[in-house]
Amino acid sequence: MTTAQVAALTTAQVAAFTTVDVAALTAGQAAALSTAQAAALSTASVAALTTDQVTALTAAAVGAFTTAQVAALTTAGIAALTTAEVAAMTTAQVAALKAAQAAALTTAGVVALTTAQVPALSTAAVAALTTAQVAAMETADVAALTTAQVASLTAAGIAALTTAQVANMTTAQVAALKATQAAALTTSDVVALTTGQVAALSTAAAAALTTAQVAAMETADVAALTTAQVVAMKGTQISALTAAQFAALTTAQVAVLTTAEIAALTTAQVAALTAAEVAAFTTAQVAALSTAGIAALTTAEVAAMTTA
């Protein structure tokens with residue numbers, strides 16, 4: 001059949017195609033299918049489309065597929081979609097993508113997704129994204145993810161995020177990070193977090209940060225930690241703070257340090273304390289200082305201590 005003959009077929013005739021008929025179509029004939037004809041294909045026929053045929057379809061034809069037809073596409077068919085075809089998909093079609101299909105999208109296809117399409121992906125589809133796909137996402141698309149989608153990303157997916165993607169996450173998205181996800185952030189990602197994002201971390205996420213991540217935090221970010229986050233942090237995390245980070249702690253943060261954490265302070269950390277921080281010590285905290293810690297106090301710190 002010529003392309004003109006294919007274009008002349010009624011939707012009823014197209015709907016009557018067998019999988020054998022569909023397999024016989026050339027790429028040129030597939031490209032000739034109208035939106036109405038494409039929508040008339042049975043799910044079995046759609047599943048039988050070859051990669052060449054899928055690539056040859058017009059973007060409008062793909063955009064005319066029903067959600068059942070989209071779900072019927074093979075993973076090879078999904079991988080064969082052009083960027084124009086992906087961009088033409090409706091949010092309902094994107095929502096119909098199964099996990100295996102989402103994972104089959106090319107990185108170019110992922111980049112082609114719009115900020116309106118990305119939030120339509122199911123959490124199962126987001127969880128199935130490969131690290132290459134996650135890293136390929138545009139920063140605006142990452143910022144468009146729903147909190148449920150963010151929470152569904154695998155730890156490997158979180159680790160694959162670029163610093164630009166992390167820096168563009170909303171505070172609501174950061175707050176949605178689970179403990180395992182927070183621990184998966186690279187040290188570069190931790191540095192990329194803004195003070196607002198750091199303060200948005202859940203106490204569970206803050207407590208899950210590795211010592212390397214804690215040591216990588218910018219001083220302004222350390223100062224941005226809420227007292228609830230500081231309370232949730234483990235002694236090993238507090239011990240990982242550099243002298244500069246320790247000096248950045250607020251008096252409110254210092255006041256919630258446990259006696260065990262105070263006892264574990266290094267001489268460098270003690271010496272880095274400001275006079276105001278020392279003055280904020282409770283009597284129990286002062287009593288918890290090690291002898292090495294006491295010896296490390298500067299004259300200004302000693303002078304700041306209260307008599308009570």
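Modeller: Val94 touches Met89, Gln117, Ala120 and Leu121 when residues up to four places away in sequence are not counted, a contact being heavy atoms within 4.5 Å. The model is predicted, so local features need pLDDT of at least 70 and side-chain atom pairs count only at pLDDT 80 or more, while totals for chains, interfaces and linings use all residues. Residues are numbered from 1 along each chain as its sequence is written, and side-chain values use heavy atoms, with hydrogens and water left out.

Val94 belongs to helix α12, residues 91-95; helices are DSSP runs of H or I with at least four residues, numbered from the N terminus. With a relative accessible area of 0%, Val94 is buried, that is, under 20% with a 1.4 Å probe and protein chains only. Thr226 lies 132 residues from Val94 in sequence and 39 Å from it in space, C-alpha to C-alpha.

Gln69, in helix α9 (residues 67-72), is likewise buried, at 1% relative accessible area. Beyond its neighbours within four places in sequence, Gln69 is in contact with Ala38, Ala39, Ala40, Leu41, Thr43, Val46 and Ala64.

Leu177, leaving aside neighbours within four places in sequence, is in contact with Val150, Ile158, Met169, Leu185, Leu201, Ser202 and Ala205.

Note on methods: Helix = DSSP H or I, 4+ residues; strand = E, 2+ residues; numbered from the N terminus. Buried < 20%, exposed > 50% of the residue type's maximum accessible area, 1.4 Å probe, protein only.
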